[in-house]
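Please look over the sequence and the structure shown here before reading on. The paragraphs below are meant to be read with both in view.

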Amino acid sequence: MSAHFVIAPVILPAALAGLMVLFARSPAFQRLGAVLGASGLIALALYNLTQASLGPTPYFLGNWPAPFGIVLVLDRLSALMLALVAGLAGVVLAYVLATGWDRRGAYFHPLFMFQLMGLNGAFLTADAFNLFVFFEVLLIASYGLMVHGGGAERLRAGLQYVAFNLLGSTVFLFALATIYAISGTLNMADLAQKLPLMPPEDAALIRLSAVLLLVVFAVKGALVPLQFWLPRSYAAAPAPVAALFAVMTKLGAYAMIRFGTLVFPTTLAATGALWGNILWAAGLVGIAVGAFGVLGAARLAPLIGFAIIGSMGVVVLTVSAFTAPALAAALYYAVHSTLAAATLFLLADTIIARRGGDDLAQAGPKMAQGGLISGLFMAAAVAMVGLPPLSGFVGKVQVLQALSAHAPVAWSVILLGTLVTMIGFARAGSALFWRVDTALSVPKHPAQPIAFAAIFALIAAMVALSLFAAPVAGWLAVTADDLMAPQAYINVQSLPAVAP
Amino acid sequence: MEALIAITIGALTTGGVFLMLQRRTFPVVLGLSLLSYAVNIFIFISGRIALNAPPIIGMGPAPIDPLPQALVLTAIVISFGMTAVILMLALGSFLHRGDDSADGGGP
């Protein structure tokens, strides 16, 4: 019975989204459903976290045995990502309800729920083709959310975002078909068992599909050189939606960690250090592109987009080592940077609503509640850059420790990137809060305490992440050990034995 | 047979990539469709090529792998839906701005 809790984070938002479409005329019903859905997901995520700490739990859809049916597996990594999605969704939803963003179009809440369904499913599934399907579910919902509220700029950026991601989906299908043609299976645990036994003449095809898959995940994770879509798309999307999208880049990182430890581990002769080498280069350049993008951005929203590219650079640079301490550090930093990016996007929305725009070159009017907002911006920028006392600092220290074997290159790029990012954020903060045109009248704006409470909640989460850094890092260290030795993840699916 | 299918997939992919690189949105959408046709055939033959082989055990001398057929059905449905979405976005963008360039730049 308790095994059904594994699939509940997918079923709950799917059922609610369907109901919401039926009652599309009743905003009150939609809001009630959204609040129930978000609180249910948070409760489920907490329960699943405790369950996953005991060991991986499989869920066989339709009771078909693996690898013939689709299997979901809840392990520590999935549970961590589910909790991150649920917490972030709760905060973003509170902000959206307080500011009335959901009233600017008819279908915000159903799309939001479908987005959560896709994210949760992608984090849970243990089947590569099912991962593709959940990618498409979350993408088609994100297309709708992205153009929520309408407007020419949003439609144009949305068109580019959709075209780019459809191209990514096509590459994903090419990669999956190649893998299936080689091995005859798409179950990730089954692949982990079968790929090492493939004849050497298939090694080139295995390498080809590994690189194609990496390209797909790099598109999702906005890795250099596939990051061009991100700043413009996230800047054009409604800012609270962009705050939720902050977790979508981490889906790319999740998929890289999952496939890089399970399907294409460094011990697989065909691929070896192939992924590690590509990720190492992409991470280093990503940090530089992110840092200089932050320094040069003309508006606040793309600036945050570049900060996300830089933080993804740090994450994949750390992942590229594929050692247990590096994965633990990368996971800690990924959780932290999701929270930091979401905080910044929510703040960007409060700033745009009060200042009339986020252009950094133009002096704006003095903002209502400007003192509070500038203090929060300071805190969020400190977190994103990685200065003490917030969790960004703890995360970066762990990353530096994990990469100490490659200290000369990795440390100098990360530390210089941090410096440049800090200057960029200082420039943005002074332009927004100190370059005030006093001739302009201060626009009135209601205080919206719940919206600020949502931002405070994110900052409090980052404070908690650094206060309880030791227990969190300990839990993540066990997670990383499980990832590096995925035998439990494979055994729990009771696959048929593979003849060597 | 193998050569024919390989040439078909190659031609569809080439045409799709070429159209994807155009500036107007309509060729881009057509290019995406061509790419999805190419990938659909590619998935379909990933279970090996066989003539007159039913996907059910016991109905012929050697059954063909049924899984790629299920996968390709899923892929067809998804790409069909996605094409509809991107067409609506392209149309909306065109009607809003009176210009259907995909990069949104000037003339």
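What follows goes from the chains to helix packing and then to the contact between the chains.

This is a predicted model, in which local features need pLDDT of at least 70 and side-chain atom pairs count only at pLDDT 80 or more, while totals for chains, interfaces and linings use all residues. Residues are numbered from 1 along each chain as its sequence is written, and chains are lettered from A and ligands numbered from 1 in the order in which they are written.

Chain A contains 19 helices and 2 strands, where helices (H or I, at least four residues) and strands (E, at least two) are DSSP runs numbered from the N terminus. Its radius of gyration is 22 Å, close to the 23 Å that the globule rule gives for 500 residues, so chain A is as compact as a globular protein of that length; the radius is taken over C-alpha atoms, and the rule is 2.2 Å times the number of residues to the power 0.38. The C-alpha trace of chain A spans about 80 × 60 × 40 Å along its principal axes. Of the 500 residues in chain A, 58% are buried, a residue being buried if 20 or more other C-beta atoms, placed from the backbone, lie within 10 Å of its own, exposed if 12 or fewer do, and partly exposed in between. Among contacts in chain A between residues at least 6 apart in sequence, 79% join residues at least 24 apart, with contact meaning that the C-beta atoms, placed from the backbone, lie within 7 Å.

Two helix pairs of chain A can be followed in detail. Helix H4 (residues 108–124) of chain A packs against helix H5 (residues 128–146) of chain A at an angle of about 155°, with the axes 8 Å apart; axes are lines fitted to C-alpha atoms, for helices over the stretch in contact, and angles run from 0 to 180 degrees between N-to-C directions. That angle makes H4(A) roughly antiparallel to H5(A), since angles over 145 degrees count as roughly antiparallel, under 35 as roughly parallel, 65 to 115 as roughly perpendicular and the rest as oblique. The residues of this contact divide into 13 nonpolar, 5 polar and no charged, with Ala, Val, Leu, Ile, Met, Phe, Trp, Tyr, Cys and Pro counted as nonpolar, Asp, Glu, Lys and Arg as charged, and the others, Gly among them, as polar. Among those that meet are A:Leu111, A:Phe112 and A:Phe114 in H4(A) and A:Leu131, A:Phe134 and A:Phe135 in H5(A).

In the second pair, the axes of helix H10 (residues 239–262) and helix H12 (residues 300–319) of chain A come within 11 Å and cross at roughly 15°, and H10(A) and H12(A) are therefore roughly parallel to each other. The contact of H10(A) with H12(A) has 11 nonpolar, 2 polar and no charged residues.

Chain B has 3 helices and 0 strands. Its radius of gyration is 18 Å, whereas a compact globule of 107 residues would have one near 13 Å, and 30% of the residues of chain B count as buried.

The contact between the chains takes 27 residues from chain B and 22 residues from chain A. On the side of chain B that touches chain A, helix H3 (67–97) and helix H2 (25–44) of chain B each supply at least two residues, and H3(B) gives the most, with 15 residues. By class, this side of chain B has 17 nonpolar, 9 polar and 1 charged residues.

Methods. Two residues are in contact if their C-beta atoms, placed from the backbone, lie within 7 Å.
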